[in-house]
Every structure is written in structure tokens, then in C-alpha cells.
Amino acid sequence: MDTPRVRFAPSPTGYLHIGGARTALFNWLWARRNGGTFVLRIEDTDRERSTQAAVDAIFDGMRWLGLDWDEGPEVGGPHGPYFQTERLGIYAEQAEKLIREGKAYACYCTRETLDAQRKQAEAEKRQFRYPGTCRNLPYDPSRPHVIRFRVPETGSTTFVDLVKGPIETPHEVLQDEVILRGDGVPLYNFGAVVDDVTMRINLVARGDDHVNNTARQILMYEALGYPVPKFAHLPMILGADKARLSKRHGATSVTAYRDMGFLPEAVVNYLVRLGWSHGDQELFTREELVRYFDFKDVGATAGVFNPEKMAWVNHEWLKKLSDEELARRALPYFLAAGLPAADDAKLRHVCAVARERARTFGEYVQQFRYFYAPIQLDPKAKAKFLTADTKPILEAVRAGLAALETLETEAIEKLFHSEAEQRGLGLGKIAQPVRVALTGGTASPGMYDVVQILGKEETLRRLDDAIRLVG
RNA sequence: GGCCCGUUAGUCUAGCGGUUAGGACAUCGGCCUCUCACGCCGAGAGCAUGGGUUCAAGUCCCGUACGGGUCACCA
């Protein structure tokens with residue numbers, strides 16, 4: 001087999017979507033696995049909707065995921081330029097060639113007449129197809145026109161999709177579609193084919209919303225006289241209601257997941273497992289993915305995006321990191337939330353206790369903000385644990401801690417145990433009131449850790465606050 | 001509506017003619033325990049449906065239903 005040359009060709013009309021990211025990922029994996037080339041091309045021919053901000057967002061998202069491209073914008077390459085709007089000359093040239101060979105022709109129909117015909121067909125409940133009005137008219141470049149591709153009227157085109165198997169399309173369902181607009185800008189099917197041809201792409205892996213484009217594209221490859229690449233159509237990603245994943249299902253941009261505190265390795269791991277599998281294995285390092293990935297293991301069925309499972313995957317990845325690494329990567333999220341964290345021993349300790357308890361850095365910040373900000377006292381916790389009955393306990397613990405030279409775990413533990421024993425109570429009876437005093441709620445890491453993280457001064461202050469509150 | 005693709009538990013999936021249908025997320029129960037979590041143990045839950053083919057079908061073929069995609073001078 002040829003060394004693969006694959007590509008990801010997003011149109012810059014928005015952020016990098018989860019689905020697009022997965023398409024890019026599968027292409028990238030295939031290239032990396034086979035020592036091939038991964039090309040990035042920007043399909044910005046829809047000038048109405050394409051924006052520079054979107055281009056930047058796509059680069060940003062891909063870099064965050066670690067999907068580096070071998071050829072494309074910013075890195076260059078021998079088959080550039082890599083923005084379609086900079087390739088207009090190439091499309092014109094290829095279209096001219098097709099016209100000369102009678103494989104394409106100029107169509108002078110106006111939008112108005114076409115629209116009228118379409119409406120007419122609709123009224124008669126007919127399927128509208130371009131009637132071929134201009135099929136055999138002489139070429140007159142001086143008249144306003146678009147270029148249409150001449151599709152054979154009979155026969156069919158078949159290709160073997162790498163994930164779906166053989167797919168046959170009868171030519172009757174196709175029509176002479178526009179390949180070049182009046183202003184010389186190519187339409188999707190033509191632009192993509194010309195670019196894939198000139199960029200020497202030999203495997204096209206894309207969303208399966210493109211299966212119906214494939215036959216007409218193959219016809220164009222043949223008309224242009226170029227070899228037809230292999231195709232792999234990847235199943236769609238759905239929302240919980242089985243409709244195509246969209247904003248109304250929640251966050252769909254990869255950067256949104258970054259901002260929520262997901263690790264790129266976890267997002268990659270989750271995304272690749274949505275539609276691809278390798279036996280029973282759930283967690284994969286990037287190296288393993290590169291080693292194992294194959295289109296033959298991509299399933300043919302659309303999958304529902306499940307944020308819960310992605311959070312689980314993220315948690316698994318978080319748990320693998322050292323305290324140092326965890327702190328380093330969590331820091332920006334605390335800072336972004338306005339919490340005065342620093343890359344220090346305290347943060348490392350916070351991360352060490354957060355590790356088993358929170359699945360994303362967003363959850364870290366949300367659950368453990370009391371380590372960096374005043375507590376928010378839960379009224380129910382207060383009513384239950386900050387009472388006249390528990391006041392003596394708080395006072396005793398306060399006094400005990402105040403008397404400690406250093407906050408060694410053993411010393412704190414001894415204090416709590418002796419308070420429990422002296423009162424003939426379980427440890428929980430001591431720990432819960434203290435927990436509420438120090439964290440504001442009834443669920444938190446172990447008390448010894450909490451005390452150590454807060455430090456003696458802050459711990460005593462919070463206990464004093466609680467004691468005062470009880471009155 | 002035409003055409004195309006798909007259908008294993010709530011979800012992601014393994015399976016590739018003979019399995020007690022396996023794993024994971026989620027859910028529920030138990031153990032551990034200063035709370036929460038982690039961890040460990042356990043449970044419930046699945047081959048859309050009807051016909052074929054075959055000694056034998058989740059696996060092959062056809063129909064039906066359901067879901068998705070696509071029918072532009074969008075990509």
C-alpha cells in the first residue's frame with residue numbers, strides 16, 4: 001500500500017467541533033501509524049460564513065489536542081497554498097480543462113429561473129433535477145454563467161468504503177451540478193476533489209454525511225484523469241436524543257472541554273473510543289492509539305456522545321498524574337476562577353486530595369474553592385453540626401490544635417482520637433462539626449489533610465468563626 | 001418524499017455460523033470508613049421485528065419498523 005497521505009479539511013465557520021476533532025484525530029492516527037502525511041486544508045470558499053477567528057479556533061483546538069499537521073497553513077508544504085480561496089486559479093484551470101474535453105459546460109440559467117423550476121417541481125411533487133437546459137450550448141465566457149459538471153445519464157458508480165463496505169450509486173440520482181460559481185469560486189465537491197488530487201491525497205476519511213457526495217466526486221476524479229483515492233466514512237456523533245450532536249446538547253467545541261478542565265489526552269482517548277475499539281481496552285495512551293488504530297476497527301454505527309463517560313476517562317487520566325504534574329496543570333484553572341493559588345506545596349496537597357474526588361479541573365475549582373476562599377456555610381450542615389452540643393468539641397479541638405507545635409498527621413490524629421475517647425464518642429462525632437467549620441459542608445477530604453492544607457492560622461480562625469456563630 | 005447508511009442493556013462497545021452473549025460508563029446493593037470520594041465485591045439490564053438459508057443465526061439473505069444522513073451558485 002502507498003504511504004498514506006490523508007487530510008482534514010474543515011471549513012472555518014466556527015470553533016473546532018467535537019465531531020470534526022474526531023475526524024481529524026482518525027486521520028492523524030492513520031498518518032502517524034503508517035509513517036504517512038497529515039495535511040490540513042482550510043475550505044474557506046463560503047465567504048459569507050468563513051472567519052479568521054474560526055481559522056484560529058481550529059488551529060488552537062488541534063494544537064491543544066496534539067494533532068500536528070505535516071503540511072498546511074503555517075507549516076507550508078509542497079502542495080500549497082492550503083487555503084482554498086488562495087487556489088482559485090487551480091480550480092479555474094481544471095474547470096477549463098473539463099470544458100475543453102466536453103466534461104463540463106457553462107450554464108447561463110439565472111438563479112431566478114432555477115428557483116422557479118424548483119418551485120414548479122415542488123408544486124407538482126416531483127423531484128427537482130437540473131433539466132439540462134444549457135447542456136449543449138456553445139461556450140460563451142462573456143455571458144454570466146456557472147460551470148456544471150456533466151454526469152453520465154446511465155450506469156452507476158461503486159466504491160468500497162473502508163468502514164461501510166461497497167456502496168453503489170445509480171447515476172440517475174445525480175445531476176449536472178455546479179462546480180464553479182459565477183464568481184469563479186468552486187463548490188465543495190469540485191474544490192475538494194481538485195485539492196485532494198493536487199495534494200496527492202490517497203485516502204479520504206471524513207464524516208459519513210459525505211457518502212452521498214462520493215459517487216459524484218469519483219466521477220470528477222475520473223473526468224480529471226486522476227486515480228481515485230480510498231474512502232472511509234466515519235459515523236456521526238449524536239446527542240442523547242439521537243439527533244446529530246449540536247449546541248443544544250451542550251458544549252460541542254473542543255476548547256469548551258479544555259476550559260472545563262479536561263485533559264487533551266483524555267478527550268483524545270474518549271473521542272477515539274467513540275466509534276473505534278480495540279478489544280475490551282478503554283484507556284489508551286497516544287502511543288497505543290498510534291500503534292493500534294485501524295479503519296477496519298471503526299464501527300459503522302453512529303454513537304451518542306456521553307459527557308459522563310468522558311468525565312470518567314478524564315478522571316482516570318488525572319489519577320495517573322504525579323502531584324507535581326497535577327498541580328502544574330490545575331493551577332491555571334484556579335487562577336482563572338480568581339482563586340489565589342500558586343504552584344506550591346499547598347496546591348500540590350490540594351491536588352493530592354482532589355485526585356480521587358473530582359473528575360475535571362473544573363470540578364477541582366468548584367469543590368475545593370474553600371481552600372483558597374472563605375467558606376460558604378451550608379445552612380443544613382450548620383443546623384445539624386454547629387450547635388450548642390458540638391460547641392465544646394469545636395473549642396476542645398481548637399485548643400488542641402493551638403497547642404500543637406507542628407501539624408504532623410500523627411499529632412492531629414492523636415488529638416481527634418483522644419477527644420473522641422474522652423467523650424465516649426465515635427470519631428465521626430468529632431470530625432463532622434470540625435469539617436463543617438473548616439469547609440462549610442459535610443463532604444470533604446479527610447480532616448487531617450484539610451487542617452494541614454489550611455494551615456494552623458486559618459484553621460484556628462475558621463474554628464473561632466464557627467464557635468462564635470454558635471454563640 | 002427519492003436515494004444512501006445504520007439497528008447487541010440507558011450509553012460506548014466485543015462478537016465475525018456452534019459463547020452461560022464479554023468489557024466499560026451510568027444505575028442499585030454490600031464491604032472499607034471521620035464525611036465525601038477512591039478501592040474491592042456483587043446485582044439488575046441487551047442481540048428492533050417478521051420471514052428465509054442452515055444440522056445450527058446476534059453473526060448470512062430479504063421484507064417491515066425505527067433512527068440518522070443527503071437531495072443549493074453551503075461545506
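Nine residues of domain 2 are in contact with 11 residues of domain 3, in a predicted model whose chain A is assigned three domains, namely domain 1 (87-234), domain 2 (323-373) and domain 3 (379-470). The model also holds RNA strand B, which 54 residues surround.

**Interface of domain 2 and domain 3**

- The C-alpha centres of domain 2 and domain 3 lie 23 Å apart, and the area buried between these two domains is about 820 Å², with carbon and sulfur atoms giving 67% of that area.
- On the side of domain 2, the residues that lose the most area to domain 3 are His349, Tyr370 and Phe371, which together account for 64% of what that side buries.
- Across this interface the rule finds zero salt bridges, whereas three residue pairs are found in polar contact, both residues being at pLDDT 80 or more.
- Sorted by class, the side of domain 2 that touches domain 3 consists of six nonpolar residues, one polar residue and two charged residues.

**Surroundings of RNA strand B**

- Among the 54 residues that surround RNA strand B, the closest are Thr45, Asp46, Arg181, Glu356 and Ser444.
- By class, the residues of the surface near RNA strand B divide into 20 charged, 17 polar and 17 nonpolar.

- At the bases, a nitrogen of RNA strand B is 3.0 Å from an N or O atom in the side chain of glutamate 282.

**Secondary structure near the RNA**

- Two or more residues of the surface near RNA strand B come from each of helix H4 (111-123), helix H6 (211-224), strand E11 (303-304), helix H10 (307-320), helix H17 (427-439) and helix H18 (447-470).
- Of these elements, H17 gives the most to the surface near RNA strand B, with five residues.

Technical notes:
Residues numbered from 1 in each chain as written. Chains lettered and ligands numbered in written order. Predicted model: local features only at pLDDT ≥ 70, side-chain atom pairs only at ≥ 80, totals over all residues. Heavy atoms only, no water. Domains from an automatic or database assignment. Contact = heavy atoms within 4.5 Å. Buried area = accessible area lost by both parts, 1.4 Å probe. Salt bridge = Lys/Arg side-chain N within 4 Å of Asp/Glu carboxyl O. Polar contact = N/O pair within 3.5 Å; in protein donor to acceptor, adjacent residues only side chain to side chain. Nonpolar A, V, L, I, M, F, W, Y, C, P; charged D, E, K, R; others polar. Near = heavy atom within 4 Å. Helix = DSSP H or I, 4+ residues; strand = E, 2+ residues; numbered from the N terminus.
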